[in-house]
Amino acid sequence: MAVAATTKTAWKLQEITAHSSNVSSLVLGKSSGRLLATGGDDCRVNIWSVNKPNCIMSLTGHTTPIESLQINMNEKLIVAGSQSGSIRVWDLEAAKILRTLLGHKANICSLDFHPFGSFVASGSLDTNIKLWDVRRKGCVFRYKGHTEAVRCLRFSPDGKWLASAADDHTVKLWDLAAGKIMFEFTGHTGPVNVVEFHPNEYLLASGSSDRTVRFWDLEKFQVVSCIEEEATPVRCVLFNPDGCCLYSGFQDSLRVYGWEPERCFDVVLVNWGKVADLSICNNQLIGGSFAQSTVSSFVVDLNRVTKSGSVPHGLIRDDEPLVSPTPMGSSLRRIYDRPSTSCNKPQSRVKHNSESERRSPSSEDDRDEKESRAEIQNQEDYKEIFQPKNAICRTPPRHSEPFPAPLEDEPVTAREAVKPSPALDVQTPLPKQELPDPVQRPPIASSTPLTRTEPSVIPATRNEPIGLKASDFLPAVKNQSQTELVDEEAMSQIRKGHETMCVVLTSRHKNLDTVRAVWSTSDIKVSLEAGFVYYSPATDRETTPKQI
């Protein structure tokens, strides 16, 4: 019987030099999972196609480093915020600047597009949140309440709410129609880095530098659960499209969480360093990270990742009965009402500032827009992605092929460092494309494949068991970045002193045999003096009764 080659669960897809100076921000297109945008200290925004080495387009106009980026849902627009507080919106299909938005007094830390309308939300180091109308080129509303930098903004799936996370340890929920805060969620003990709405339920997830992920009920305005004691700060989070679980990106690892009750379904080691953004396409999770001028993209095969059931549970609508009983421990929540039409409805539901707060276009803005350019550096890729011949089916394709996974026989990650069976080590490895058919195998080697098809130890798909951490059995590490150990290092630490203990126990066994032999012919005192030894903690050595 032929042995099917096992593919990797996680692997590095590519590594590119994205800018002439340090990369300062990165974002992935959430619709296709194939569009990548990077911002750098060179004040440029570069557009890439994932797994292609050449830059498609370079957007210029900013005069200070790019601090934040966001791509809209249909991947036609991109917004970039700079260190000076200016915001620029580009039309990727037309390859031109669309709007320049001025008003913030400090770094732009976070941006997000409204899911239906032509609105952009921005959060800044100046603690303000602003809602912009891209068509009217002005600030629609300003939300005040945070006392430190606003690190993340997310619109709800129905476009009615805006969630904000900040360095003041709070998460705030804003009502766009009323123009005021709905609720402030407290509980984090460190800066809150990310916030994400559940795709269906009235549920919000937040990740913090305090190394916790918290889930908030948006009907009862209370915490649902909290996952604590992770090794590193939470860098990014993303719900599975069907809402069954939450993917959380940490330093060099991906963790899969459930929230009722709180639990970790799986842990996947991914050597992506400080991951900056996540996206899902073709049941593959794409992760992007950057270090200095280099950008790396990674893939995790979600078919190999343990997660809860594929159908979300505990959801109800006002006009639909509950079709199945609710699982034990889960709560019933409403799901979002998405409008049937897209662009014009949200305008009536967003509160506007007074006319004095609005900013009319000026000659200065026009001059800024003239100085902004979209330099197409790869005409072929640009036409393929942003100007396809068939206007109905845009590219990057909605049904693009998944990235092929490499075979697991290449020892690249820590997962492959420990072999499950010694029989696998003695077999001579064969090239990937030259695996012989079982019928053609010589009789002398027929016993080896049998051992391989039915190994004595079946390797798990997880990197570590749920609820058990190797770090609990190892000495404390002062540097948090070194807490993730590969298997070989962990086993080396555990084996320390093992050989010494074996020598001590063997010596004691021999002494006990001597005691038993003398005991049959002499009294107890003689037998003890002949072979028995004591261990003295004070001297950390063994002594005989005569030496005591």
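How many helices and strands are there in the protein? In this predicted model, the protein has eight helices and 33 strands, and 46% of its 548 residues count as buried.

**View 1. The largest nonpolar core, with 20 residues.** The residues with the most contacts inside this core are Tyr247, Leu254, Val270, Trp272, Leu278, Leu285 and Val300. At least two core residues come from each of β22 (236–239), β24 (253–259), β25 (262–269), β26 (275–281) and β28 (294–301), and β26 gives the largest share, three residues. A separate core of 18 residues lies apart from this one and includes Leu35, Ile56, Met57 and Ala374.

**View 2. The surroundings of Leu285 in the largest nonpolar core.** When neighbours within four places in sequence are left aside, Leu285 is in contact with Tyr247, Leu254, Trp272, Leu278, Ser279, Ile280, Phe298, Val299, Val300 and Leu302.

**View 3. The salt bridge between the side chains of Glu196 and Arg154.** The N to O distance is 3.2 Å, and the pair links distant parts of the chain, with Glu196 in strand β18 (residues 192–197) and Arg154 in strand β14 (residues 150–155), 42 residues apart. Glu196 counts as buried, at 17% relative accessibility.

**View 4. The salt bridge between the side chains of Glu184 and Lys172.** Here the N to O distance is 2.2 Å. Because Glu184 lies in strand β17 (residues 180–185) and Lys172 in strand β16 (residues 171–175), the pair ties together parts that are twelve residues apart in sequence. Glu184 is partly exposed, at 36% relative accessibility, whereas Lys172 is buried, with a relative accessible area of 3%.

Conventions. Residues numbered from 1 in each chain as written. Predicted model: local features only at pLDDT ≥ 70, side-chain atom pairs only at ≥ 80, totals over all residues. Heavy atoms only, no water. Core = buried A, V, L, I, M, F, W, Y, C linked by side-chain atoms within 4.5 Å. Buried < 20%, exposed > 50% of the residue type's maximum accessible area, 1.4 Å probe, protein only. Helix = DSSP H or I, 4+ residues; strand = E, 2+ residues; numbered from the N terminus. Contact = heavy atoms within 4.5 Å. Salt bridge = Lys/Arg side-chain N within 4 Å of Asp/Glu carboxyl O.
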